[in-house]
Amino acid sequence: VLTVIAWTGGATALLTACLALVEQDLKRILAYSTLSQLGYMVMAVGLGGHTVGMYHLTTHAFFKALLFLAAGSVIHGTHRQHIFELGGLWRTMPWTSVTFAIGALALCGVPGFSGFFSKDEILVLAHEHNPWLYGLATVTAGLTAFYTTRAGVVAFLGKPSHDLHPHESSPVMLGPL
């Protein structure tokens, strides 16, 4: 049964990461990413790593909350959420840009950020128990880094839209960020 649980989590992680790859709506990219990360957690539980799964659940809660709050700030400041309708937001929304970048670095598993430590534990667990799941989880981690970077680069560093007049959110919204 645990093997079925592990493979269900791994397949969920991979398939929803693939959906995030083709999505263009900022909030939907983050939503598919959440499902992918939940797949990692289920895989960890199936591999016998209940503590590891809970650890990733906890770190994921914080960096994904930051990403969703930043996405809300983007939507508030632009009235848009299609990433290809955005661009150049770092100039007019610096606080939102920095906080999105911090959450994105954690989601991508960059060393020093919480996502690195929790996702690495899942990869170690998979490497110890099932080389095929380890390969699947490693590919999924690469896809996560790709679609997260794509969303950030397009929305915050991309070419600004001429009909877009973004503004930074008020302190009431920036405070939680």
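**Close-up 1. Helix 2 and helix 3 run roughly antiparallel to each other (an angle over 145 degrees).** In this predicted model, local features need pLDDT of at least 70 and side-chain atom pairs count only at pLDDT 80 or more, while totals for chains, interfaces and linings use all residues. Residues are numbered from 1 along each chain as its sequence is written, and side-chain values use heavy atoms, with hydrogens and water left out. The axes of helix 2 (residues 26-46) and helix 3 (residues 50-78) come within 9 Å and cross at roughly 175 degrees, where axes are lines fitted to C-alpha atoms over the stretch in contact and angles run from 0 to 180 degrees between N-to-C directions. Helices are DSSP runs (H or I, at least four residues), numbered from the N terminus.

**Close-up 2. Residues of helix 2 meet residues of helix 3.**

**Close-up 3. Phe100 and Phe156 form a tilted aromatic pair.** Rings of Phe, Tyr and Trp (its six-membered ring) pair if their centres lie within 6.5 Å, and planes under 30 degrees apart count as stacked, over 60 as edge-to-face and the rest as tilted; the count comes to two aromatic pairs. The ring centres of Phe100 and Phe156 are 5.0 Å apart and their planes lie at 40 degrees, so the pair is tilted. Phe100 in helix 5 and Phe156 in helix 7 are 56 residues apart, and their pair links distant parts of the chain.

Note on methods:
Helices (H or I, at least four residues) and strands (E, at least two) are DSSP runs, numbered from the N terminus. Angles under 35 degrees count as roughly parallel, over 145 as roughly antiparallel, 65 to 115 as roughly perpendicular and the rest as oblique. Contact means heavy atoms within 4.5 Å.
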